[in-house]
Amino acid sequence: MHGHLRRRLEAVRPPWPDLAVALLLSALTLWLTLRHGQDATAATPYLGEPSGPRSRPPVQQPGGSGQDPVGVAAWSLLVTLPLAWRRRSPLIVFTVQFLASLAVAGAGTWATFLALLIGAYSLAAGGRRPLVSIGVLLAAATVAALSFSEVTPPIPGWAGAFAILTPIALFGTTIRATRARATAAAERAEALRYGQEAATRAAVA
């Protein structure tokens, strides 16, 4: 019984790198949300401006549209903390993240936006059913595009180069890793074929 319970605990225990990322982003989210709850220029919102007339001023702070900073912080933790299980249940993690992001619309920070991007990547890369994963991501993008006029936070000028080059580097690294795996698989298949031929020749001899 103890062994069964231990196996179940190990099955739900998050990998420590993912747990570390989730805790780091959670701490940053709490700091940004609570510390700048009354500062109209400190927070960088995403999903911040509902679609509609452009004359409406954008929300610029947590709680700025009548939301309590403490409540916003609580919802924001549902965007960051689930990342601890992003490899085990990427679909559930992203779904929870996206719904929580809608709940804090207008009060999200760059930390919660980054957490949502990581969740989307985890679903695309690790979802058990690729078609379902793509469908969920497209549905989320459609909801965000139809509901809000701004879905990405503005970034400082110095971060522009990182925002452009980092995705390119990640994409290139992914392609390289895919090619390396394909090459290794081909080499293993060739080695296996050669071994089988050598065994056949030895048997004939």
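Of the 205 residues of the chain, 29% count as buried. The model is a predicted one. Its secondary structure comes to seven helices and two strands, and from the N terminus on these elements run α-α-β-α-α-α-α-β-α. Among contacts in the chain with a separation of 6 or more, 76% are accounted for by residues 24 or more positions apart.

**The pairing of helices H4 and H5**

- Helix H4 spans residues 90–103 and helix H5 spans residues 110–126; the two pack at an angle of about 150 degrees, with their axes 9 Å apart.
- Because angles over 145 degrees count as roughly antiparallel, H4 is described as roughly antiparallel to H5.
- The crossing of H4 and H5 is left-handed.
- On the H4 side, the residues that meet H5 are Pro90, Leu91, Phe94, Gln97, Phe98 and Ser101.
- On the H5 side, the residues that meet H4 are Ala115, Leu116, Gly119, Ala120, Ser122, Leu123 and Gly126.
- The residues of this contact between H4 and H5 divide into eight nonpolar, five polar and no charged.

**The largest nonpolar core**

- The largest nonpolar core holds 14 residues, of which Val79, Leu83, Phe94, Phe98 and Ala115 touch the most other members.
- Helix H2 (16–35), H4, H5 and helix H6 (130–147) are the elements that give two or more residues to this core.
- H5 gives the most to this core, with four residues.
- Phe94 and Phe98, named here among the core residues, also belong to the H4 side of the contact with H5.
- Ala115, another of the named core residues, belongs to the H5 side of that contact.
- Not counting residues up to four places away in sequence, Phe98 touches Leu116, Ala140, Val143 and Ala144.

- Trp75 lies in helix H3, which covers residues 69–80.
- Leaving aside neighbours within four places in sequence, Trp75 is in contact with Ala100, Ala103 and Val104.
- Trp75 and Leu99 are 24 residues apart in sequence, and their C-alpha atoms are 9.4 Å apart in space.

Definitions and conventions
Residues numbered from 1 in each chain as written. Predicted model: local features only at pLDDT ≥ 70, side-chain atom pairs only at ≥ 80, totals over all residues. Heavy atoms only, no water. Axes fitted to C-alpha atoms, helices over the stretch in contact; angles between N-to-C directions. Parallel < 35°, antiparallel > 145°, perpendicular 65-115°, else oblique. Left-handed = near helix turned anticlockwise from the far one by under 90°. Contact = heavy atoms within 4.5 Å. Nonpolar A, V, L, I, M, F, W, Y, C, P; charged D, E, K, R; others polar. Core = buried A, V, L, I, M, F, W, Y, C linked by side-chain atoms within 4.5 Å. Buried < 20%, exposed > 50% of the residue type's maximum accessible area, 1.4 Å probe, protein only.
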